[in-house]
Amino acid sequence: MQIQHNQSLKTYNTFGLDAIAKGFIHIISVNDLYEVLAENIKPIKILGGGSNILLKADVDAYVLHNEIQGIEIISENQNQVLVEVGSGELWHNLVLWSLSQNLGGFENLSLIPGSVGAAPMQNIGAYGIEQDATFFSLKAIHMTSGISKVFFKHECNFGYRESIFKNDLKDQYFITHVSYLLQKQNHVLHLEYGAIKDVLHHKNIINPTIHDVSAAVIEIRKSKLPDPKEIGNSGSFFKNPVVSRAGYDHLKLSYTDLPCYPQEDGNVKIPAGWLIEKIGYKGKTMGNIGVHKNQALVLVNYGGGKGSDIYNLALEIKNNVAKTFGIDIQTEVNIW
Ligand code: EPU
């Protein structure tokens, strides 16, 4: 095991922020992790694809960079495949692999940045599907006892961008492998998201395949969300808030065009991007940072921006949303 001291994290976070970590360790295998635990290295922070963090300042900890690879079919029957994936694999590479095998289930989640280990952590989702739809189980190692544990779906408390690993078990486990159940045939497509239908219609595709859906999702994402290779960003910075139906109806009296997504429990989800756009932040730049011009939910670093500036901008937006609409929006990204 090799510790790199005072390592810049610039190429390890999609915001492209130049924070310095006290120590940096590549975790290529489970054994690397056991070595770290045996040496009692502390404090530790676990980093995956770096696509959902804001490095507010330098990191006074040893950063474990998850590089555990491998995609392996564990079992299969006529209809389904159980695939186990190293948590350091890039999510989109897994999606591409599934498409190359004609396995259905991941197509709506195409082009999401980040690693496989982060997918259950925040229950990634897009265009009508969340990862828990295909999730089967994961293997994780407890960071103090070193004990390995399998978590099945019902033990993960998946919710909207939530799991037990972000809450009750925060920072307690290192996820090493994740297993998904994918469909070999009779693919069930999820086309309810309007923009997917529009793209397919525009291309005259009447009987879409998982490949067509993936291509449509990629097209939509590219049109709305900045490519982190070109403009530093972390996808949606805030979660969409959920309010009561009565709260929504009250707001709608003042904002007649307020969009809503009714939830199964009777509450209503409101797009935070709409709220942020309404208070005038969409496309706003402040020196090297700002709010993306096509998606107000995405904060950006045009290059050379500071994590603390992005953090302050986020606070300002949060406060102004609260002042205008009486809604407290929560960050989706993890703040280090
Ligand atoms: N909207 C605006 N202005 C904006 C942005 C959005 O008015 O600047 C309104 C529009 O009414 C639009 C609605 O918000 O119709 C929804 O926008 P969009 O389809 O872009 O989705 P979102 O709710 O802003 C969520 C996820 C995204 C995911 C998309 C598509 C969250 C926090 N974000 O964004 O996930 O790709 O839906 O399913 O739930 C991510 O988590 O990092 C992420 C990118």
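Here are a few friendly notes on the fold, surface and cores of this predicted model.

1. Overall build. The protein contains eight helices and 20 strands. Its radius of gyration is 20 Å, close to the 20 Å that the globule rule gives for 336 residues, so the protein is as compact as a globular protein of that length. If you like to picture dimensions, the C-alpha trace spans about 60 × 50 × 35 Å along its principal axes.

2. Contacts along the chain. Take the contacts between residues at least 6 apart in sequence: 61% of them join residues at least 24 apart.

3. Of the 336 residues, 47% are buried. The accessible surface comes to about 15,900 Å², and carbon and sulfur atoms account for 49% of that area.

4. Charges. You will find 29 positive and 33 negative side chains here, with the centres of the two sets 6 Å apart.

5. The largest nonpolar core. This core has 40 residues, and those touching the most other members are Trp91, Leu94, Leu138, Phe151, Phe165 and Tyr180. Elements giving two or more residues to this core include strand E7 (80-86), helix H2 (91-100), strand E10 (135-142) and strand E12 (173-183), along with helix H4 (194-202) and helix H5 (210-224).

6. A closer look at Trp91. Beyond its neighbours within four places in sequence, Trp91 contacts Phe106, Leu109, Ile112, Gly114, Ser115, Val116, Ala119, Ile124, Gln131 and Tyr180.

7. As background, nonpolar side chains tend to be buried together in soluble globular proteins.

Definitions and conventions:
Residues numbered from 1 in each chain as written. Predicted model: local features only at pLDDT ≥ 70, side-chain atom pairs only at ≥ 80, totals over all residues. Heavy atoms only, no water. Helix = DSSP H or I, 4+ residues; strand = E, 2+ residues; numbered from the N terminus. Rg over C-alpha atoms; globule rule 2.2 N^0.38 Å. Buried < 20%, exposed > 50% of the residue type's maximum accessible area, 1.4 Å probe, protein only. Contact = heavy atoms within 4.5 Å. Areas by Shrake-Rupley, 256 points an atom, 1.4 Å probe, with all protein chains shown as cover. Lys, Arg positive; Asp, Glu negative; His and termini not counted. Charge placed at Lys NZ, Arg CZ, Asp CG, Glu CD. Core = buried A, V, L, I, M, F, W, Y, C linked by side-chain atoms within 4.5 Å.
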